[in-house]
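Thanks for coming, everyone. Please look at the screen, and let's walk through this one together.

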Amino acid sequence: MLLRASLALSLVLASSAALAQTSPVGLWRNVDDKTGETKAEIRITDNGGQLSGRIEKVLKKDGASTCDQCTDDRKGQPIVGLEIVRGGRKAEGKEVWEGGKILDPENGKEYRASYTPVDGGKKLEVRGYLGPFWRTQTWQRAQ
């Protein structure tokens, strides 16, 4: 009986770990699509079905220390700890999270965003939209 319970628990834990790997939840290194430079580590969490993401560590050497270009409640806030991902829910029947916003702390602009895990969850395609135009970065899972 104890063996069956242990086996069942192991299966549940293994399946939840696999599920976590195919979602945007986790620690990511954002890589600039233009320069290939790794700029920061961002931790994305799930808060009641909505995504939230904060910068945990700045890796870019010459980056600003505060979000001086921001125009909302984040103006003047330190970059480390800054919430750059707000909202976004898993689309029904798809492996994409959409409907949220992402902030570029370098220019203070906020974009509509979608997040798609790829390569078995090792990478995350982050697409920011401004009207009919978009830009995609592929982030690397750090943890």
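Let me start with a question. Does Arg 127 count as buried, partly exposed or exposed? Arg 127 counts as partly exposed, because its relative accessibility is 27%, and that class lies between under 20% for buried and over 50% for exposed. Keep in mind that this is a predicted model.

Where does Arg 127 sit? Its place is in strand 8. Now its neighbours. Leave out residues up to four places away in sequence, and Arg 127 touches Arg 112, Ala 113, Ser 114, Trp 134, Arg 135 and Thr 136. Then there is Glu 98. Arg 127 and Glu 98 are 29 residues apart in sequence. In space, C-alpha to C-alpha, they are 9.5 Å apart.

Let's step back to the whole chain. How many helices and strands are there? The protein chain has one helix and nine strands. In sequence order the pattern reads α-β-β-β-β-β-β-β-β-β. So much for the order; next, burial. The chain has 143 residues, and 33% of them count as buried. One more figure for the chain. Take contacts between residues at least 6 apart in sequence: 36% of these join residues at least 24 apart.

Back to strand 8, for Leu 124. Buried or exposed? Leu 124 is buried, because its relative accessible area is 0%. Setting aside neighbours within four places in sequence, Leu 124 is in contact with Pro 24, Trp 28, Ile 44, Tyr 115, Thr 116, Pro 117, Val 118, Gln 137, Thr 138 and Trp 139. Leu 124 and Arg 29 are 95 residues apart along the chain, and their C-alpha atoms are separated by 9.6 Å.

Leu 124 also brings us to the core. The largest nonpolar core has 21 residues. Among those with the most contacts inside it are Leu 124, Ile 44, Tyr 115 and Trp 139. Ile 42, Ile 84 and Ile 102 are on that list too. Which strands supply this core with at least two residues each? Strand 2, strand 3, strand 4, strand 6, strand 7 and strand 8 do. Strand 4 covers 83–86, and strand 7 covers 109–118.

Now the loop between strand 7 and strand 8. Two residues to look at here. Asp 119 is found in this loop. Its phi is near 55 degrees, a positive value in a residue other than glycine. Asp 119 counts as partly exposed, because its relative accessibility is 47%. Lys 122 is found in the loop between strand 7 and strand 8 as well. Lys 122 counts as exposed, because its relative accessibility is 55%, and exposed begins over 50%. Not counting residues up to four places away in sequence, Lys 122 touches Trp 28, Trp 139, Gln 140 and Arg 141. Lys 122 and Gln 143 are 21 residues apart in sequence and 9.2 Å apart in space, C-alpha to C-alpha.

On to strand 1, residues 26–31, where we find Asn 30. Asn 30 is buried, because its relative accessible area is 10%. What does Asn 30 touch, beyond residues up to four places away in sequence? It touches Glu 37, Thr 38, Lys 39, Ala 40, Ile 42, Gln 137 and Trp 139.

Next, the pocket. The largest pocket holds about 690 Å³ of space. It is lined by 34 residues. Nearest its centre lie Lys 39, Leu 103, Asp 104, Pro 105 and Gln 137. Elements that give two or more residues to this lining are strand 2, strand 3, strand 6, strand 8 and strand 9. Which of them gives the most? Strand 9 does, with six residues. By type, the lining divides into 17 nonpolar, eight polar and nine charged residues.

Last stop, the cysteines. The count is one disulfide. Cys 67 and Cys 70 form it, with their sulfur atoms 1.8 Å apart. The link is right-handed, with 65 degrees about the S-S bond. Cys 67 counts as buried, because its relative accessibility is 0%. Cys 70 is buried too, because its relative accessible area is 1%.

That's my tour. Over to you.

Terms used
Residues numbered from 1 in each chain as written. Predicted model: local features only at pLDDT ≥ 70, side-chain atom pairs only at ≥ 80, totals over all residues. Heavy atoms only, no water. 1 Å grid on protein atoms, 1.4 Å probe; cavity = no way out; pocket = protein on both sides within 12 Å on 5 of 7 lines; lining within 4 Å. Points joined across faces, edges and corners; volume = space filled by probe spheres on them. Helix = DSSP H or I, 4+ residues; strand = E, 2+ residues; numbered from the N terminus. Nonpolar A, V, L, I, M, F, W, Y, C, P; charged D, E, K, R; others polar. Core = buried A, V, L, I, M, F, W, Y, C linked by side-chain atoms within 4.5 Å. Buried < 20%, exposed > 50% of the residue type's maximum accessible area, 1.4 Å probe, protein only. Contact = heavy atoms within 4.5 Å. Disulfide = S-S within 2.5 Å.
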